[in-house]
Amino acid sequence: MQKLSILGGARLNGEVRISGAKNAALPILCASLLSSDTLQLDNVPELNDVATMRKLLQQMGVKIEANGSQLALSAAHIDKLEAPYDMVKTMRASILVLGPLAARFGEARVSLPGGCAIGSRPVDLHIKGLQAMGAEIHIEHGYIHAQVPGGLAGGRLRGARIMFDLVSVTGTENLMMAATLADGVTVLENAAREPEVVDLAHCLIAMGAKIEGAGSDTISITGVEKLHGANHRIMPDRIESGTFLVAAAAAGGNITLTGARADIMENVLEKLQEAGATIQVAGDRINLQMNKRPLAVNVRTAPYPAFPTDMQAQFMAMNTIAEGSAMVVETIFENRFMHVQELRRLGAQIEVEGNTAVIKGCAQLEGATIMATDLRASACLVIAGLAAQGETIVDRIYHLDRGYEHIESKLSQLGAQIRRIK
Ligand code: UD1
């Protein structure tokens with residue numbers, strides 16, 4: 001199993017190019033299932049989750065041509081309307097094939113995701129939404145089996161008014177994709193407002209979909225009979241952007257992100273300023289300078305535009321070495337403090353009570369061997385390692401490779417002493 005060795009204490013300096021967003025690329029790859037024409041994508045990040053999604057789509061019959069960060073996907077001939085357990089269990093986002101398959105082919109079989117390190121994460125909202133659109137859904141042998149009456153003979157899902165009990169990002173995306181080919185108008189209420197939902201909507205609109213309101217909590221989709229091919233460039237990854245900025249705020253330094261978008265990360269940038277960083281934005285460049293020990297900052301996760309749960313662990317790492325004490329409240333996922341135990345191994349002082357962690361900043365962390373438990377927890381441990389004294393070994397970094405493109409070479413470029421041990 002691969003590990004990362006980090007020699008902490010180096011300041012980060014220089015430029016780093018931000019990759020395409022994982023959470024936009026995954027649903028957009030699934031959108032290729034909605035048309036028999038070719039979908040051309042640019043700025044697709046090279047990540048294990050993207051590789052898993054490509055494999056899943058190829059198993060169904062999608063033809064994919066790759067050229068660096070460009071992909072051409074053709075779903076002209078689909079012979080298998082199924083996402084098997086062994087793929088869904090490695091990547092929950094596989095559920096995103098459910099809506100497109102049901103909408104275009106009238107049938108889909110997708111394995112239930114099952115448990116996950118950061119909580120139970122059910123998919124009931126995806127299922128209820130499709131049922132409201134007329135799909136018959138049976139759970140059999142651990143699989144969600146969706147059938148649209150008369151589907152194979154051209155029967156379509158029908159437009160519906162769907163109110164989400166709680167905000168779900170992939171739930172919104174799945175139903176938005178399904179609704180593009182439904183008969184009539186679908187209105188999604190209490191929809192997710194995440195920028196990745198907007199990026200998917202832009203791609204679908206380029207494919208001929210009629211969508212209004214993406215980015216607000218009410219999205220209205222008027223179904224069309226067919227979608228066509230399109231070209232689309234994946235938006236920059238705001239979580240990768242935030243992760244590099246927090247790393248520089250924790251380790252100290254002066255870094256510039258290129259190809260980034262500041263307008264979709266206001267909350268994170270404000271929190272970094274509160275921690276004492278100086279931030280300057282010019283076009284697609286974000287510069288952060290930090291010349292002192294960070295100040296502790298309170299964080300409370302909530303759906304966009306509030307503070308993202310995918311940045312919670314990284315801010316926790318910064319808080320462990322900050323001046324003062326901070327409270328981190330996680331309101332989205334019930335078990336997303338797995339990194340706390342590992343941070344404690346580096347000397348961090350953290351108390352957890354329910355969904356709240358109280359972190360008392362200490363002057364110095366000390367390097368140790370620690371283990372990554374999920375994707376963003378891994379990023380948190382890397383940040384802690386960069387700020388710690390001596391060597392930190394981060395084990396199980398396959399989690400990191402799911403969502404960060406070339407992380408160790410990007411950090412090395414910024415002057416970090418980090419290497420992969422095979
Ligand atoms: C997406 C992101 C993930 C991010 C999360 C929250 C992708 C591929 N992943 O995950 O990185 O951490 O949003 O911003 O975009 N829920 C239900 N029933 C459902 C669906 C969700 O109860 O049917 C609950 C979940 O358990 C969780 C909350 O709703 O407590 C939000 O989850 P959701 O927004 O659906 O997360 P994902 O879309 O899986």
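Let me start at asparagine 190, which sits in the loop between strand 11 (185-189) and helix 7 (195-206), where helices (H or I, at least four residues) and strands (E, at least two) are DSSP runs numbered from the N terminus. Asparagine 190 is not a glycine, and yet its phi is positive, at about 55°. Its relative accessibility is 24%, so it counts as partly exposed; on this scale buried means under 20% relative accessible area, exposed means over 50%, and partly exposed is what lies in between, with a 1.4 Å probe and protein chains only.

Before I go on, a word on what we are looking at: this is a predicted model, in which local features need pLDDT of at least 70 and side-chain atom pairs count only at pLDDT 80 or more, while totals for chains, interfaces and linings use all residues. Residues are numbered from 1 along each chain as its sequence is written, and side-chain values use heavy atoms, with hydrogens and water left out.

Histidine 406 also has a positive phi, of about 45°, although it is not a glycine. Histidine 406 belongs to the loop between helix 13 and helix 14 (407-413), and with 40% relative accessibility it counts as partly exposed. A further backbone feature is the cis peptide bond that joins tyrosine 304 and proline 305, with omega at about 10°; proline 305 is placed in the loop between strand 18 (299-300) and helix 10 (312-320). As background, most residues other than glycine have a negative phi, and most peptide bonds are trans.

Turning to the chain as a whole, its secondary structure comes to 14 helices and 24 strands, and its C-alpha trace spans about 65 × 45 × 40 Å along the principal axes. For 422 residues, a compact globule would have a radius of gyration near 22 Å, and the chain agrees with that, at 22 Å; the radius is taken over C-alpha atoms, and the globule rule is 2.2 Å times the number of residues to the power 0.38. Of the 422 residues in the chain, 59% are buried.

Now the ligand. Which residues are closest to it? The ligand is surrounded by 19 residues, the closest being Asp124, Ser168, Thr170, Asp310 and Ile332, where a residue is near if one of its heavy atoms lies within 4 Å. By class, this shell has 9 nonpolar, 5 polar and 5 charged residues; Ala, Val, Leu, Ile, Met, Phe, Trp, Tyr, Cys and Pro count as nonpolar, Asp, Glu, Lys and Arg as charged, and the others, Gly among them, as polar. Helix 5 provides the largest share of the shell, 3 residues.

Among the polar contacts, which are pairs of N or O atoms within 3.5 Å, a polar side-chain atom of aspartate 124 lies 2.7 Å from a nitrogen atom of the ligand. An oxygen atom of the ligand is 2.7 Å from a polar backbone atom of leucine 125, and an oxygen atom of the ligand is 2.6 Å from an N or O atom in the side chain of aspartate 310. Taken alone the ligand exposes 740 Å², of which the protein buries 88%, with accessible areas from the Shrake-Rupley method and a 1.4 Å probe.

Finally, the salt bridges, each a side-chain nitrogen of Lys or Arg within 4 Å of a carboxyl oxygen of Asp or Glu: a search of the whole structure finds 14. One of them brings together the side chains of arginine 109 and glutamate 82, at 3.1 Å from N to O. That pair links distant parts of the chain, 27 residues apart, with arginine 109 in strand 7 (residues 107-111) and glutamate 82 in strand 6 (residues 82-83). Arginine 109 is partly exposed, with a relative accessible area of 26%.

In another, lysine 128 meets aspartate 165 through their side chains, at 3.6 Å from N to O. Lysine 128 lies in helix 5 (residues 124-132) and aspartate 165 in the loop between strand 10 (161-163) and helix 6 (169-180), 37 residues apart. Lysine 128 is partly exposed at 44% relative accessible area, whereas aspartate 165, at 59%, counts as exposed.

A further salt bridge joins aspartate 401 and arginine 420, whose closest N and O atoms are 2.9 Å apart. Here aspartate 401 comes from helix 13 (residues 398-403) and arginine 420 from strand 24 (residues 417-421), 19 residues apart. Aspartate 401 is buried, with a relative accessible area of 17%, and arginine 420 is partly exposed, with 23%.

Notes: Polar contact = N/O pair within 3.5 Å; in protein donor to acceptor, adjacent residues only side chain to side chain.
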